[in-house]
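Dear colleague,

I am passing on the structure we spoke about, and below it you will find what came out of going through it. Please read the notes with the structure open beside them.

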Amino acid sequence: MEDIIKLINTKEGIHTLHHTALMESYHSIHGSLQESMHVFIENGLLASTSITKSENRELKILEMGFGTGLNALLSYRENLKLNRFIHFTTVEAFPLPLNIIYRLNYFDFLEKPLQPVFLKMHECHWFETIDITPLALPANQANDQASEQRGKFFLFKIQADMLELKLEDNYDLVYYDAFSPAHQPELWTFEVLKKIYDACNEDASLVTYCAKGEVKRTLQKVGFKVETLKGPNGKREMIKAVKY
Ligand SMILES: C[S@@+](CC[C@H](N)C(=O)[O-])C[C@H]1O[C@@H](n2cnc3c(N)ncnc32)[C@H](O)[C@@H]1O
């Protein structure tokens, strides 16, 4: 694994990884941070209908492709302000070796106190729900059951091939962060996207950096209502798909 994965600088200066066998990078070379923030946080987490609907309910996020853990960390960081109860499930077939993770320069660009959280996300066991709720929760919480749930962040990492995986939960939001259809077409088929649709709650949304016409058509066939949004820097468009 280590000889096929190379650290590269994106145009923001922040790293991403390049998979030399697939000839594909883990993020946009225009900037991993701006891409993840734009696609998954701003158009996913912050725009999710489920997040505005019920403030006290657990918000279940499913990520396809844990990779470097950047989306998970940015979701955790955003929740320090949102103060919701997030249950973040992520699927990864090929976990990255820790010695690659330790070399990422993410904390030259992100708040340093987040670094131990990031390491915990990588060092924790697969198939175990871990509670990474910040120790100091906001002080204005009332002492009732609903507010006890707020500000929580649970991470559940599934080491599995998405093609084989049976999804057992109901999700409110999906970060679809597979490698591109050009390199991994098997992850963008009707069967896989239908499996995800079936595991979503009503009103759930799926966001992806990909904006291919073929992917939009497949998502529509599956049953999603598809919107084309402005893409992150360096990309004209991205997709948001909503389950009705
Ligand atoms: C674009 S990267 C994800 C980047 C990641 N979300 C991040 O924030 O760094 C795609 C990920 O999908 C994983 N992957 C590839 N094929 C897979 C499969 N069949 N099932 C699950 N994960 C897979 C890759 O190992 C890679 O980590």
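**Backbone angles and burial**

N83 is a buried residue, since its relative accessible area is 12% and a residue counts as buried when that value is under 20%. Please keep in mind throughout that this is a predicted model. N83 sits in the loop between α3 and β5, and its phi is positive, at about 65°, although the residue is not a glycine. As background, most residues other than glycine have a negative phi. A positive phi, of about 60°, also occurs at F127, which is not a glycine either; F127 is placed in the loop between α5 (115–123) and β6 (129–131).

**The protein as a whole**

The protein contains eight helices and 11 strands. Its radius of gyration is 17 Å, close to the 18 Å that the globule rule gives for 244 residues, so the protein is as compact as a globular protein of that length. The C-alpha trace spans about 50 × 40 × 30 Å along the principal axes of the protein. Of the 244 residues, 56% are buried, and the accessible surface comes to about 11200 Å², with 52% of that surface belonging to carbon and sulfur atoms. If we consider the contacts with a separation of 6 or more, 71% of them are accounted for by residues 24 or more positions apart.

**The largest pocket**

The largest pocket has a volume of about 800 Å³, and 45 residues line it, with E24, S25, A178, F179 and S180 lying nearest its centre. The elements that give two or more residues to this lining are β3 (24–25), β4 (59–64), α3 (70–82) and β5 (86–92). Sorted by class, the lining of the largest pocket consists of 22 nonpolar, 14 polar and nine charged residues.

**Three further buried residues**

Which residues does S28 touch, once those up to four places away in sequence are set aside? They are T10, Q34, E35 and N233. S28 itself is found in the loop between β3 and α1 (32–45), and with a relative accessibility of 12% it counts as buried.

V174 belongs to strand β8, which covers residues 171–176, and at 0% relative accessibility V174 counts as buried. Leaving out residues up to four places away in sequence, V174 touches L62, I196, C200, S205, L206 and V207. V174 and F88 are 86 residues apart in sequence, and their C-alpha atoms are 9.8 Å apart in space.

M238 lies in strand β11, made up of residues 237–243, and M238 likewise counts as buried, at 0% relative accessibility. From M238 to Q159 there are 79 residues in sequence and 27 Å in space, taken from C-alpha to C-alpha.

With best wishes

Technical notes
Residues numbered from 1 in each chain as written. Predicted model: local features only at pLDDT ≥ 70, side-chain atom pairs only at ≥ 80, totals over all residues. Heavy atoms only, no water. 1 Å grid on protein atoms, 1.4 Å probe; cavity = no way out; pocket = protein on both sides within 12 Å on 5 of 7 lines; lining within 4 Å. Points joined across faces, edges and corners; volume = space filled by probe spheres on them. Helix = DSSP H or I, 4+ residues; strand = E, 2+ residues; numbered from the N terminus. Nonpolar A, V, L, I, M, F, W, Y, C, P; charged D, E, K, R; others polar. Rg over C-alpha atoms; globule rule 2.2 N^0.38 Å. Buried < 20%, exposed > 50% of the residue type's maximum accessible area, 1.4 Å probe, protein only. Contact = heavy atoms within 4.5 Å. Areas by Shrake-Rupley, 256 points an atom, 1.4 Å probe, with all protein chains shown as cover.
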